[in-house]
Structures are given as C-alpha cells and as structure tokens.
Amino acid sequence: MHIDILTLFPEMFDGVLQNSIMKRAQDQKAFSYQYINFRDFTENKHNKVDDYPYGGGAGLVLSPQPIFDSIEKVKQKAEKAPRVILLCPQGEPYSQKKAEELAEEDHLVFICGHYEGYDERIRQELVTDEISIGDYVLTGGELGAMVVIDSVVRLLPGVLGNEQSAPMDSFSSGLLEHPHYTRPADFRGRKVPDVLLSGNHAKIDEWRHYQSLKRTFERRPDLLEERKLSSKEEAWVQEWKNS
C-alpha cells in the first residue's frame, strides 16, 4: 500500500509514522508514504492556501486550486485511481468495517484541512470518501488522518506478526473484546479466572465469547441491535436482562 498525505503540517506525522508498529510496517515494506504540502502548489504570490468565504461569515476556507493541483499530480504518477479521503466533521462516522475496507486498497490519499473548511468543489470533484472520527471538531485533519492510517496499516498482512490479532479485535467480530490476563496468576489478591488456567481450550473459547458478549451488552448494547444472536447468545442476554 502507498499513502499520500496532503497537509500543511507534515512534521506532525513523524511521531506516529516513525515509531512502533508503523515503523515496523515500513521496514517490512507493507506500506510506504509521502507527505505533500499543498502550499507548495499554490499559485498565489503570497503562498496563501485559504481565503474569505463568499457570502461572509467567520473563518477562512481552503482554496480549491492548490488541492486540485496536488491531487492531479498524485494521479499522474498512480497506476490506478486512488481512494481520496477527506477528513471532516460531516463525513461518515469511522468504524472498524471501514478500516477493513480501506486495508484492501493499494493507494490511499488523505486530505488534511485546516481553518473553517474546504471549498465545496474539492468535496464534489476530488473526494471518494469523507470520514469523521467522532462528533467533535479538531483544529485540523491531521490527527484524524493519523487515526485512520494507524487503524488501516495494522490490518495489512504481516504487520502485527500474529495473524489472529486483528480478527480478535473489538468491533471486528461485531462485539467488544473479552478481558485479558497475564502473569502473575494472583496479583494483590486478585486472581486470574480459573478457566484460563485450565488448559481446556473449548472452555476458554466459550468463556471468552461469553465475556465478549456480556461486555458488549453492558457497554455498547447498540452493537447487538445489528447482530443476529444464536440461541445460546439469546439465552445469555436474557439472563443478564433478568439479573
């Protein structure tokens, strides 16, 4: 996978992309990336990339020309049309399902805006996906892009090392993940559940499934509305409702 990042502040990404799993993914050649400072493409003699909105109002709006020219340069070098992702509060709420979808792509482009917003023609003509990472507003799209890139790259083959890690994540199965324990078995009087020490993998799997469903029921019941429950799961849910 190759990722192009259109941003006025490329240095913001170094801490994320040059450390931990993201750095290892690059070393394994699972993905590559390039910063594109769209200020370099402006035709404005003052190197401005924004202007006042028509009709008045507070703030400044990103101008179309630098971003159009940036994207056109990216597409000239691309073997096939990339997915172009706009980070914005009006976008589709981000989810694990979306991360899995994007992880199937060969080329992603992220547009990180600043100021009051984007000229609408950017949204209409260039963008394939609009993504919001939550119902709140940030000073720019960089942090949102970092979140999406991290969540996508970790799904690429070989990145996590253990191929079972990603499918077991919260939301991948439609449920929140079950509790985890490690050594010591007894920490300050708080003991690891006996089933996890039993060596009975069928019992362990059932316990984990039960705990995963229970945690989802307690913390994110909305996720269960979209899930077709098995008879065993329905019995567990009824048990918790009656308790």
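Strands here are DSSP runs of E covering at least two residues, numbered from the N terminus, and two of them pair if DSSP finds at least two bridges between them. With that in hand, take a look at this predicted model. D50 sits across from L62 of β4. The strands involved, β3 and β4 (residues 61–62), run antiparallel to each other and share 2 bridges.

Zooming out, the sheet has 3 strands, is open, and reads β3-β4-β7, with mixed pairing.

## A nonpolar patch

Over on the surface, M12, Y136, L138 and L143 make up a nonpolar patch, and their accessible area comes to about 360 Å² together. M12 belongs to the loop that links β1 (2–6) and α1 (14–17). Its relative accessible area is 36%, so M12 counts as partly exposed, a class that falls between the 20% and 50% limits.

Y136 comes from the loop between β8 and α6. Y136 is partly exposed too, because its relative accessibility is 44%. The side chain of Y136 also has a polar atom 3.4 Å from the backbone oxygen of I133.

## The annotated site

UniProt, in an unreviewed entry, has a "binding site" annotation on G113, I133, G134, D135, Y136, V137 and L138. One of these, D135, is in the loop between β8 (129–132) and α6 (142–153). At 81% relative accessible area, D135 is exposed, since the cut-off for that label is over 50%.

Key:
Residues numbered from 1 in each chain as written. Predicted model: local features only at pLDDT ≥ 70, side-chain atom pairs only at ≥ 80, totals over all residues. Heavy atoms only, no water. Helix = DSSP H or I, 4+ residues; strand = E, 2+ residues; numbered from the N terminus. Patch = residues over 30% accessible without salt bridge, like charges linked within 9 Å, V, L, I, M, F, W, Y side chains within 5 Å. Areas by Shrake-Rupley, 256 points an atom, 1.4 Å probe, with all protein chains shown as cover. Salt bridge = Lys/Arg side-chain N within 4 Å of Asp/Glu carboxyl O. Buried < 20%, exposed > 50% of the residue type's maximum accessible area, 1.4 Å probe, protein only. UniProt positions renumbered as here; feature names shortened; annotations may be inferred. Polar contact = N/O pair within 3.5 Å; in protein donor to acceptor, adjacent residues only side chain to side chain.
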